[in-house]
Amino acid sequence: MRRFVPGRRALLLLPVAFVVVFLIAPLALTVAVSLWQRAGFWVKPALSLAAYEQFVSGARLAVLGRSLQAAAVATAIGLSIAYPIAYALARHLSAAATRTVLLLFTIPFLVNYIIRTFAWTWLLGRTGPVNSLVVGTGLADQPLDWLLFSDFAVYVGLVTSYMPLMVFPLWISLSGIEQRLVEASWLLGAGPWRTFWRVTVPLSIPGVFAAVVFGFVGSFGESAVPIILGGVGYQLMGNAITSALDVLNYPIAAAMSTAVVAVMLLFLACWYLAFDLRTFLGKILRWRF
Amino acid sequence: MTRTGSSRRDFLKYTAATGLAAGGALSGRLPAALAAAGGTVTLADIGVGDPDGDWSRFTNATGWKVNLVAIGNAPSTVLNVLVAGGGARVYDIANIVGGMQKPLVENDLIEPIDTSRMPNWAKNSYIQQFLAQGKPGFEFIGYEGKVYGVPTVLQGDSFAYLPDVTGPLDSYAALFDPKWKGYVALEDNFTTTGQKTALYMKQAGLASIKDPADMTPAEIKTVVDFLIEKKRAGQFRVIWSSFEQAVNLLVNKEVYVLDAWEPMVFAAQRKGVDAAYANPKEGFLLWAMAAYIPKNPQRPKERLDVTYRLLDFMLGGWYGAKIALLRGYMTNPQAPAYAKAHPQEFTADEAKKVADIDANVKRKFEKGGTWQNRWPTHVETYESEWARFKAAR
Amino acid sequence: MKARPAARAAMLTGIGLVLAFLYLPLVPPVLFGAGGYAGIRQNPILVDAVRNSLLLAALTALVTPPLALLGAMAVRELRVPRLVLLVLLLPLFVPGVSMGLATAVFLKLLGVTPSLRTILLVHVMWTLPFAFLVVLAAMATFDPVYLEAAYVLGAPRLRAFLDVELPLIRPGLLGAASLSAIVSLNETIRTSLVQGPLNTVQTYIWTTYLQVGLSPSLHALMSLLIGLTLALVAVLLVGKGRRGRVVTG
């Protein structure tokens, strides 16, 4: 049944080849540098774990932990907002309303993200409009300091930056679920709640996966939000790597990058183990002969 | 199935457009401005040296255009752009905060400057006074006896405050005074903030530090321990990392005492805030911007000649006055006189402003202080200890 | 199935609140941009940067989705779907500064001079996983049984794809294109390492933000962007509404 058109396979491999040549090759270089030794201002080939030791023993390891935590929390918040929105769009609102809402979700992204993120410092500051409102209405006697330069502000920044990106894949996969399956579930006597958890959610796993990846990876790699909105010295991995590069410490910067990629691959491996790929790839993988 | 048909046409159109657009981009023909070869000098700049895009005087004199590429000033950006990013082949000049000669020369990234090719060099009394070989300021433009940078801007830093709230302040001690607990912000910069803190600790007798500009690892640790103790006590509201952020901290009265650059105070004053820049008894932190020539053996001789003419232009009166006016930094000794002598180019008000900035910064240099050190001997310890300060909770 | 009016109103209110939250940070640029409009055109760096950024966003939106589609088809048709998935997600996993630096060093080793091409390369690389996941999510809902049916009826492969599959996954492709443009328009850190002689709006804003402060022109440019796109949305909506009435009337 499977017909091979000459060149078809090569065409399908094009994106993979693109990533292999222009990302994996440079990345291999990075992994190599993480094992090299510093020599003056540059590096010389070696097989040394010194950079990793320095990373694990210093203050930078705490940054990795903090990044994981910040990314996980921001993703959870983002998902809890994006999923209901995508669900409402896919199931309950008209096509025109859906188009409008999705469009409205993209518009803030046209504004430079530095300016967008920075705007929060004005909104949430001690003398900003939010605090004026809080004090003016008597909700608090004095401005709330924790609104800005705090974990709270970082989450505001991360969620507003990445949650809208999560809506799209969720909407796409929710709107692709065949209504027949949901109706069948009702016919078989399952209530709406049970149908939602047993039918809709499992079928939307591809979208959830994409949304979680967008949210988690985006937050994890974020380097502007922490330095604009975070408290004294708040930094995530991106900031720590930049800082090491400031003194030309290429091995430790490379070691940190390698560690980040390794952690991400570990998560992906866990996903592979925990979920049957078919639940994620849906009908795609049914195409096997 | 009209819908299918139309979407197929869309798709084909889309595919064709992709091919065309990608082809156009890859053949490098699309944007005219990108044809940088011949007649354009490329200047990488941190934003301070941009005369609002007006290079007409240089272009009229030489026939060459100037393409300004905005780059960051963090050592990582500068070094990465030059070491890794192929910047050495693209940029003819890199105009950044000086003092970076050691890593740049050691990595073979910049060329020595032939000062005799710039007539304005000899006319620049600030260079002779503050930056010549043998003066401490030489560290900002020279390395191992050779000149590598053309000083385009000179400045002395201290800190800013809101006198209405704090009254007059004249010591870096204010940054650490519990009276302003929670209303202080520092710069996220291990050399400047580290040096200012060390200066204060030394003068206040809190630690024995031999040279605040070039500390030993043990001394750095002492300074960072002190900063962490203050951080845990809630002394600092934030550590800022950008000009915009610092200005807003003052304008929104988010903090009262701010480790800052003087133009931030000017910007806050323009927004109607009564901010002041301190004249601390410990002295100013002096620094200079340096325009380096990235080493590029393939650069044609003609372009190198024009590069020198541009550097000379940047030491000249018009450019100096313009940059002083726009950015609030002192530039070169010709600037105030030029602005005053050319009323059709600078209003009397503007000329006065240039003269004021010049006089103000000259006063700082005459009072003295210490020179900032962008690349201290133990720079790596500075960085890793600073990482410890930032991560501390 | 459509929701009851009350439930529908509640949903729209909820979505409205979330949108209001997202639009909140757009207020300051509009406030601070007043008086900066004239300055936009007088700043040659900004004018060039705007052109470069728009060009890059458009090119990225054109180049990335077809690549993403090929990638998604590779997941379906090659024997190693896990591996393809992993490779195509990899650009997301590499911290921005490391990706920029590694690519820059690699290109330097290859002797490639930084230009629009190198920026485009980095933008396509960075947007690929976003577009890929969106296309994949769209394809996951498509039942290949339809394709089989087309083959059985004698349709050639390309024709079956164009007539059967493409219309069904078109929202995914368009979503991938707009997502690619958005991500490209917001990319700063990777771009800055391969930007060569060019400024983009992002790198220019980042530098001025760091070193000399944002001018009213930059705020004005952002307000202009918001205003134009909102106006465009409004026009689209009104146009759709009219056409709808004509058809039903």
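A:Leu248 counts as buried because 24 C-beta neighbours fall inside 10 Å; a residue is called buried if 20 or more other C-beta atoms lie within 10 Å of its own, exposed if 12 or fewer, and partly exposed in between, with C-beta atoms placed from the backbone. This residue of a predicted model, in which local features need pLDDT of at least 70, side-chain atom pairs count only at pLDDT 80 or more, and totals for chains, interfaces and linings use all residues, sits in the loop between α12 (237–246) and α13 (250–274) of chain A. Helices (H or I, at least four residues) and strands (E, at least two) are DSSP runs, numbered from the N terminus. Residues are numbered from 1 along each chain as its sequence is written, while chains are lettered from A and ligands numbered from 1 in the order in which they are written.

The phi of A:Leu248 is near 60 degrees, a positive value in a residue other than glycine. Most residues other than glycine have a negative phi.

## Two further loop residues

B:Lys253 also is not a glycine and has a positive phi, of about 50 degrees. B:Lys253 belongs to the loop between α11 (243–251) and β10 (257–260) of chain B, and is partly exposed because 17 other C-beta atoms lie within 10 Å.

In chain C, C:Thr141 occupies the loop between α7 and α8 (145–152) and counts as buried because it has 24 C-beta neighbours inside 10 Å. The C-alpha atoms of C:Thr141 and C:Arg170 are separated by 12 Å, the two residues being 29 apart along the chain.

## Chain B

Chain B contains 17 helices and 13 strands, and its C-alpha trace spans about 75 × 65 × 45 Å along its principal axes. Of its 393 residues, 55% count as buried. Among contacts (C-beta atoms, placed from the backbone, within 7 Å) in chain B between residues at least 6 apart in sequence, 75% join residues at least 24 apart.

Between chains A and C, 80 residues of chain A are in contact with 83 residues of chain C. Helix α1 (residues 8–35) of chain A supplies the largest share of the chain A side, 17 residues.

How values were computed
Contact = placed C-beta atoms within 7 Å.
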